[in-house]
Amino acid sequence: RIKLASRVTNIRVSPSTAAAQKVRDLKAEGREILNLTVGEPDFDTPQTIKDAAIAAIDAGDTKYTPVNGTEELRKAVQHDFKTRLNIDCELNEICVGGGAKQVLFVALMATVEEGDEVIVPAPYWVSYPDMVIANGGTPVILTCGEDVGFKLTPQALEAAITPKTKWVILNSPSNPTGAAYTADELRALGDVLVKYPHVLVMCDEIYGRIWYADFKPSSILGVCPELKGQALVSNGISKSYAMTGWRIGYAVGPLDLINAINKLQSQMSSCPSSVSQAAAAYALTADQSGVEEAVKVYRARRDRAHELINAIPELSCTLPDGAFYLFPSCAGAIGKTTPDGKLIENDLDFGLYLLESAGVASVHGGAYGLEPYFRISTATSMEEIEAACGKIAEACAALK
Ligand code: PLP
């Protein structure tokens, strides 16, 4: 056996990847599974974007690009940050990587020393704690329950900051809850952060365009420009343009941090795919009606799933502001017994019961650091959502 490095043995395979694999295994056994674990759009990449990529190939855009991404893509990102979120930045304050996930990982790699603390509000995207651990840091998990809208409060943030705090990670709209921060909430968090210049803030806004709330999307850098030396705002094309396989993400941040990310990237991958960068630049600058259409579809599914879940006595669910997930509480099912006589002790038991008895796959709340909840994705057809909610209702009704 190979003796692997502790940076590998200390981390987990992403639980949502593991859940998706379990669904594939059960399907291979011939079971019919309604899959609500999906973390990517169920739409195909729009044809116009594919055409832009093909045109880029034909034009010879098939070579290494600058390490920090093509100027064309960085200009598109700069324009998007300015017009949508009122973020002012220079082109050299933007970096481009192989997905937002990679950009965030490399940002941590560039800054976190052994023992540094990274504040991760829970429920969190499953990757944050493991990315921190892989880079030698210590995740400091702060529970942000339903009572505070699943959001970090300025008081909780300030109480958690120590001399060792390197980062706080914000994700708005959030995976798994769909909760998004208002401009006032961001301003209040920013007011705390400016008092602690040693603390950086990582704002993951990958779902920023998949937005349903009445209030307008905003970014901490847009509402607190004085955080320019402390904030890294990341985004990408995966979720908004149904381009998860193209692997492009980007971020704006302090010049020395962006330069450090680029330096690491120069030794890791040289640059992200030239063709994908051309497609991403096109996606960001072309007509946005495709995104608007997709959001309409997601919104209808969110509304229906929210209604159906809340009609089940054991479950309750807040209304997401954005993204394509719901995060219902299954508190009403805990302590009950299945028809086979098995006690539902926690949300993992509940998720397994749904999978085994109802053929519905979800991801349990514990994977996101908050119990007893479960995440369901609405990046699947209305028929599948309605059928799955029907099965969940039957399974809950059968509990004693
Ligand atoms: N951030 C969050 C909160 C996500 O849910 C995901 C994907 O699931 C990502 C980042 C990764 O995005 P990308 O495909 O750009 O790496």
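I began with contacts in the chain between residues at least 6 apart in sequence, and 73% of them join residues at least 24 apart. I note here that the model is predicted.

**Overall form.** I looked up the secondary structure next and found 14 helices and 12 strands in the chain. Along the principal axes, the C-alpha atoms fill a box of roughly 60 × 55 × 50 Å. I then checked the radius of gyration, which is 21 Å; a compact globule of 400 residues would have a value near 21 Å, so the two agree. For burial, I read that 50% of the 400 residues in the chain are buried.

**Record.** I checked UniProt, where an unreviewed entry lists residues 32–392 as "domain: Aminotransferase class I/classII large". Over residues 32–392 I find 39% helix and 14% strand.

**Domains.** How is the chain divided? I have domain 1 as 6–44 + 290–397, in two pieces, and domain 2 as 63–285. Their C-alpha centres lie 26 Å apart. To the contact between them, domain 1 gives 32 residues and domain 2 gives 30 residues. On the side of domain 1 that touches domain 2, I list α2 (15–28), α12 (289–310) and β9 (325–326) as the elements that give two or more residues. The largest share of that side comes from α12, with 5 residues. By class, I sorted the side of domain 1 that touches domain 2 into 16 nonpolar, 8 polar and 8 charged residues.

**Ligand.** I turned to the shell around the ligand, which has 13 residues. Which of them come nearest? I wrote down Gly99, Ala100, Lys101, Gly236 and Ser238. By class the shell has 3 nonpolar, 8 polar and 2 charged residues.

**Cis peptide bonds.** Before going through the backbone angles, I reminded myself that most residues other than glycine have a negative phi, and most peptide bonds are trans. I looked at the peptide bond from serine 172 to proline 173 and found it cis, with omega near -10°. Proline 173 lies in the loop between β5 (165–171) and α8 (183–193). A cis peptide bond also joins asparagine 175 and proline 176, where I read omega as about 25°. Proline 176 is likewise in the loop between β5 and α8.

**Positive phi.** I looked up serine 270, which is not a glycine and yet has a positive phi of about 65°. I place serine 270 in the loop between α10 (255–268) and α11 (274–285). Is serine 270 buried or exposed? I count serine 270 as exposed, because it has 11 C-beta neighbours inside 10 Å and the limit for exposed is 12 or fewer.

Alanine 323 also has a positive phi of about 65°, and it is not a glycine either. I find alanine 323 in the loop between α12 and β9.

Note on methods: Residues are numbered from 1 along each chain as its sequence is written. This is a predicted model: local features need pLDDT of at least 70, side-chain atom pairs count only at pLDDT 80 or more; totals for chains, interfaces and linings use all residues. UniProt positions are given in the numbering used here, feature names are shortened, and annotations may be inferred rather than shown by experiment. Helices (H or I, at least four residues) and strands (E, at least two) are DSSP runs, numbered from the N terminus. A residue is near a molecule or strand if its C-beta atom, placed from the backbone, lies within 6 Å of it. Ala, Val, Leu, Ile, Met, Phe, Trp, Tyr, Cys and Pro count as nonpolar, Asp, Glu, Lys and Arg as charged, and the others, Gly among them, as polar. Domain bounds come from an automatic or database domain assignment. Two residues are in contact if their C-beta atoms, placed from the backbone, lie within 7 Å. The radius of gyration is taken over C-alpha atoms; the globule rule is 2.2 Å times the number of residues to the power 0.38. A residue is buried if 20 or more other C-beta atoms lie within 10 Å of its own, exposed if 12 or fewer, and partly exposed in between; C-beta atoms are placed from the backbone.
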